[in-house]
Amino acid sequence: MPEINSRLKQLVKTGLLHEARQMFDGMPHRDEISWTTMISGYVNAMNSNEALLLFSKMWVSPGVSMDPFSLSIVLKVCALDSNLNYGESLHGYLVKSGFFNSVFVGSALLDMYTKFGKIEQGIKVFDEMPMKNVVSWTAIITGLVHGGFYKKGLAYLSEMRKSGVVYDSYTLAIVLKACAYLGALNFGREIHAQTVKKGFNDTSFVANSLSTMYNKCGKIDYGLRLFENMSTRDVVSWTSIITTYVQMGKEKNAIEAFIRMQESGVSANEFTFAAVISGCAGLVRISWGEQLHAHVLRIGLADSLSVANSLMAMYSKCGQISSASMVFHGMTRRDTISWSTIIAVYSQGGFGEEAFEYLSWMRKEGPKPTQFAFASVLSVCGNMAILEQGRQVHAHVLSIGLEQEAMVQSALINMYSKCGCIKEADRVFNEALNYDIVSWTAMINGYAEHGYIHETIDLFEMLSKVHLKPDSVTFIGLLTACSHAGLADLGFHYFNLMSNEYQISPSKEHYGCMIDLLCRAGRLTEAEHMIKTMPFHSDDVVWSTLLRACRVHNDVDCAQRTAEKLLEMDPNCAGTHITLANIYSAKGKWREAADVRKMMRTKGVIKEPGWSWIKIKDRVSAFVAGERSYPEGEEIYGILDLLASRVDISVQELGPLLDLED
């Protein structure tokens with residue numbers, strides 16, 4: 001019998017599962033080892049259905065008794081198969097039979113519960129175990145960390161130390177993951193010291209966890225140094241460093257690391273490709289993204305959730321909404337990220353109706369919508385100023401209890417602010433149970449957009465009292481408020497405060513706010529100097545801001561210089577020509593104005609017509625200047641002509657024409 005079991009085990013080990021099953025079925029006698037070996041083979045092949053079926057046959061097989069090893073394997077199968085009922089039935093059997101007292105079985109049971117997200121049940125099993133070893137402790141810490149209970153995971157490590165159980169490399173690796181998510185750098189350094197002391201730091205998965213921990217705690221140089229010093233870099237090492245570069249906004253470095261990875265002979269996995277595709281999205285390099293898409297299709301990874309979700313986001317950032325939709329519709333399975341991503345794709349593209357349709361589809365056929373999905377459609381409502389739909393979404397998130405989620409709160413504040421309902425935005429903000437910098441920034445930006453300068457500054461000054469630190473977006477709202485109020489000196493105070501006190505390097509957007517502030521204050525020479533000296537490429541946005549200010553303040557010389565810069569970037573820009581011509585006209589320089597308009601005609605430059613839209617009874621109607629071919633166009637322009645001819649016309653007189661309802 002031992003010889004036959006040995007041959008069976010060898011077949012399973014080499015992946016010849018079909019041959020192993022044929023041999024197993026032909027065995028005249030099977031013992032516990034034969035059954036367990038075959039079940040293990042199916043578990044390793046991720047064939048949980050066949051593993052459970054075989055275990056059920058083993059259960060009723062005469063002369064075969066259960067043992068801790070076979071039971072622990074079946075508990076693992078229950079977690080793989082998402083079969084909680086089977087696992088709970090086994091739990092009852094384990095208690096009655098006494099197998100629960102086995103440290104082997106108890107560890108597998110608590111691991112099963114934590115993988116189902118039943119953290120409290122897992123803790124209860126752990127607490128009731130009469131014996132605990134390093135596997136048990138590592139299982140409960142792993143379950144807590146994977147469940148998002150990072151602090152509790154670290155607390156259990158302390159308890160493990162007190163109990164006298166010596167931790168191994170797997171324990172320290174999972175604890176480092178908790179440190180990474182918590183940003184607990186000092187605790188992570190202590191663990192690093194322990195790994196060096198015990199010689200675990202050369203183990204690939206510990207080295208990878210250390211590198212990730214330092215990267216997520218902001219010590220990028222430490223993480224890179226650890227990576228470069230690794231004796232062996234596996235796919236996890238490379239994926240970790242590529243992901244770190246993408247998260248830091250250093251997408252070019254991420255692409256370079258990916259090329260180095262390929263040159264080193266390490267094969268990329270689905271998570272590597274997901275990270276690199278995200279890097280292409282950050283660089284807006286559609287050609288690179290399309291090449292990677294073709295490659296993952298060829299090697300069979302395109303249907304991976306992480307890859308498909310990254311592809312959708314990449315196509316969206318590159319403005320290829322139809323391609324993003326094609327990826328979504330080609331997916332054989334979708335998770336909440338997939339649905340939230342496609343909703344965000346249409347929301348950010350300004351396709352509000354489609355975004356709502358996908359949300360409705362998700363509610364009917366997909367997983368339960370998350371805060372990300374609702375935040376996306378609320379963003380559409382704000383950007384398109386469709387208040388009624390925004391209120392309906394607000395009512396829905398209230399009914400399902402998501403109103404206190406940080407992302408939903410900030411989206412609601414933004415939506416109400418952009419729809420002109422600043423009091424509603426203020427109410428949402430004040431009803432928040434837990435403040436975070438995102439919702440606080442949303443309220444600051446809301447006040448700034450509505451010109452509430454004192455409220456904006458007061459809210460900013462209160463940040464330190466609620467122990468929140470402003471970010472770069474917070475300062476954009478603050479500088480915008482100063483700009484609208486004409487408070488140039490105060491704006492410069494906050495601009496300097498950003499880098500001096502909060503170590504936030506001013507971005508192009510911050511310089512844009514300052515240039516706008518100087519232009520509104522009439523300090524055009526300073527604005528022009530800032531455009532020329534700022535550490536960013538001066539684009540048409542900042543020069544156009546200056547040109548408009550030249551018109552307001554009648555500065556012809558500055559306008560000429562500014563227009564020259566703009567026409568160098570876009571020789572056929574109608575707005576630049578028209579604004580410059582108007583500045584000349586305002587100063588009585590009719591010949592110069594005529595020359596500019598003549599230049600427009602020579603180049604064939606035509607002013608783009610303006611357009612506006614209005615929403616009535618769930619229908620959005622758009623109107624373009626000079627265009628009269630609308631549905632009911634005759635009636636619309638008839639009313640406009642009537643209004644233009646008689647300013648004193650009454651609503652009662654218009655009633656029959658408009659078919660007004662009470």
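Colleague: What should I keep in mind about the model and its numbering?
Modeller: This is a predicted model, in which local features need pLDDT of at least 70 and side-chain atom pairs count only at pLDDT 80 or more, while totals for chains, interfaces and linings use all residues. Residues are numbered from 1 along each chain as its sequence is written, and side-chain values use heavy atoms, with hydrogens and water left out.

Colleague: Good to know! How many helices and strands does the protein have, and what counts as one?
Modeller: There are 38 helices and two strands. Helices are DSSP runs of H or I with at least four residues, strands are runs of E with at least two, and both are numbered from the N terminus. The C-alpha atoms fill a box of roughly 105 × 65 × 50 Å along the principal axes.

Colleague: What makes F460 and F475 an aromatic pair, and of which kind?
Modeller: Rings of Phe, Tyr and Trp (its six-membered ring) pair if their centres lie within 6.5 Å; planes under 30 degrees apart are stacked, over 60 edge-to-face, and the rest tilted. The centres of the F460 and F475 rings are 5.4 Å apart and the planes stand at 65°, so this pair is edge-to-face. It links distant parts of the chain, with F460 in helix α28 (residues 453-461) and F475 in helix α29 (residues 472-485), 15 residues apart.

Colleague: How many such pairs are there in the structure?
Modeller: The structure holds 25 aromatic pairs. One of them joins Y93 and F99, with ring centres 6.3 Å apart and planes at 35°, so that pair is tilted. Y93 has 25% relative accessibility and therefore counts as partly exposed. Ring pairs also link F328, W339, Y346, F351, Y358 and W361 into a cluster.

Colleague: What makes the phi of N554 worth a look?
Modeller: Most residues other than glycine have a negative phi. Phi of N554 is near 55°, a positive value in a residue other than glycine. N554 lies in the loop between α33 and α34, and its relative accessible area of 38% makes N554 partly exposed. V284 also has a positive phi, of about 55°, although it is not a glycine. V284 sits in the loop between α17 (270-283) and α18 (286-299), and at 47% relative accessibility V284 counts as partly exposed.

Colleague: How do you know which residues D555 is in contact with?
Modeller: Contact means heavy atoms within 4.5 Å. Leaving aside neighbours within four places in sequence, D555 is in contact with L524 and C550. The side chain of D555 also reaches the backbone nitrogen of D557 at 3.5 Å. D555 is found in the loop between α33 (540-552) and α34 (556-569).

Colleague: And why is D555 called partly exposed?
Modeller: D555 has a relative accessible area of 26%, so D555 falls into the partly exposed class.

Terms used. Buried means under 20% relative accessible area, exposed over 50%, partly exposed in between (1.4 Å probe, protein chains only). A polar contact is a pair of N or O atoms within 3.5 Å; within protein, one must be able to donate a hydrogen and the other to accept it, and residues adjacent in sequence count only if both atoms are side-chain atoms.
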